[in-house]
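Please read this briefing alongside the sequence and the 3D view.

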Amino acid sequence: MKKSANKLFWHQDQDLRSLAAFRILAGFYLIYDIFSRLQHGRFSLRWYTSTEHSFLDPDDTPHRSPVHRIWFYRGSEELQLCLFALTLLLSISFAVGYKCNVLTKTLLWMNVVAMQCRCMPPHDGSDTYFRHLLLWCIQLPVEKVWGIDAVRNRNSTPQQKTLNCHTTAIENRTAVWGIRLQMVIMYLGTIMNRTVDKYGYSTAIFNSKWLPPRLTAVHYALNASFSTRECWLGDFVRSNLRLSQFMTFTAMLMEGFAPILCLVMGDNIHIPAFLLFKLHFGLLVLMNLPNWQIVGMISSVIWIPSWAWHKLQYKLAMRLPKIMGVPPPSSPMSLEKKDMVVDTHENNESMEQKKAPKRRRRPYLTYFFFTYMLLDFAGNRSWIRKLDSGDIGEFLRFSQYWVMFNGPPTTSSQVMLTGALDGQENINVWEWIKTNGNIEVVDMVSFEQNIWTNFTHVYPSARIERTFSEWGDKVPDRSEHFLNSLCHLYPFEKLSLRIQYFTILPPGRERLKRSRSDRIKEVAC
């Protein structure tokens, strides 16, 4: 029994239907992401261009290598529309499984990386995580089932019209380990960045706000101005210190142990996978971070075990036999969960043994990415010396440095953008952009004296809020360049950018207090 369990662990059965479900959800997420990046028309598009009136200066980019300047080239609005349209078509192809081969998957990955890196200010950890998973999808047969090409192949082969239970026979086992360890490494790296990376392997680690006795990370996250939703549940958590401490503790447990348990729990893999899904769903309810939470929920479907799909597919086949195909006589419904998984694994092995031996190509590229992923992660933890100083990872945008929610923040800021139009002062430009021309006047006296705790709803979108969360602190001239460019897009006579700075107070006190005077930048259009 122990030998069988070890064999199952090292084999890491990956169901093709779980990969297909991830492919479909990831494809539709990409479609959503593209439209959300462009939802405000030319205002959104100008973040991705490098013309005279673009919102980012052409030199305002961290990517300085010649290859990156070509790969992540911004150019004109017309060029960007063409690139977004190409990425959209490739995303649709990926989602529906049409012409979804290694070439189109590679083109999709390259276009997604370029789309993200052309405009870095709204970039967050979800973009990095998603493109890493997309890279592993190139090396996995995510298109083998539940796609247009898969349906065509099934209809052209009569013997494949019955329900096929052998859905874990994936030749490239290294790629299976790669995508699974990628998820484990992301969560593990995030946990370590919050703890041992900052405090070392000593008792000082308990100074972390993520660990006992403090456990105040959720308190600081929900009391910040950035991405905090104002809802009854959020107010309830903010007013109950014990509850926020319990949420911090359980979040650390789930992020730290659930991904590892997914590797070792075999047929019970759905339990830790569901906990990860639940974690991200809860964060989506409390915080306005849709991209990160959606990617977290989507990636959890990769862990869905075979027996769950067998059970679902059998029920659908019995109800819709013409569409789903007729199930075989030995239905998985008559088997126990453990027997089902072992039976599928043994059947796959027996089928492989019956096949005539043929020479297979070794996936050397997969070996490279798998090895580099582990080495770069270990190098970022200072366990080993980085062989290339992380250059390959930065060049391919495949770095394994994970810092999501590492703080948590003890300071916060919010940016109010106002303008003057036809003699009317203090027009809320964020509202103007969000509603395509609706005029809302801001009481600036009240804004200066009071603290707006529900500022996340003021921004036009979550990505714009992310863009302005650290606005102007890293690039001092960024505000003036942005305002001058905005003058050429909208008919305002004057524009004003006001940044307010706050300190998030510890539990038992008021929520926020001003930490320094407001920073104001004005331009006449």
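A polar atom of the Thr 228 side chain lies 2.9 Å from the backbone oxygen of Ala 224. This is a predicted model, in which local features need pLDDT of at least 70, side-chain atom pairs count only at pLDDT 80 or more, and totals for chains, interfaces and linings use all residues. Residues are numbered from 1 along each chain as its sequence is written, and side-chain values use heavy atoms, with hydrogens and water left out.

**Thr 228**
- Thr 228 sits in the loop between helix 11 (217–223) and helix 12 (232–238); helices are DSSP runs of H or I, at least four residues, numbered from the N terminus.
- Leaving aside residues up to four places away in sequence, Thr 228 touches residues including Arg 238, Asn 454 and Arg 511; contact means heavy atoms within 4.5 Å.

**Helix 9 and helix 13**
- Helix 9 (residues 173–194) and helix 13 (residues 241–264) pack at about 155°, their axes 9 Å apart; axes are lines fitted to C-alpha atoms over the stretch in contact, and angles run from 0 to 180 degrees between N-to-C directions.
- Helix 9 is therefore roughly antiparallel to helix 13 (angles over 145 degrees).
- Among the residues making the contact are Trp 177 and Tyr 187 of helix 9 and Met 252 and Pro 259 of helix 13.

**Helix 2 and helix 7**
- Helix 2 (residues 16–37) and helix 7 (residues 125–138) pack at an angle of about 140°, with axes 12 Å apart.

Notes: Helix = DSSP H or I, 4+ residues; strand = E, 2+ residues; numbered from the N terminus. Polar contact = N/O pair within 3.5 Å; in protein donor to acceptor, adjacent residues only side chain to side chain. Parallel < 35°, antiparallel > 145°, perpendicular 65-115°, else oblique.
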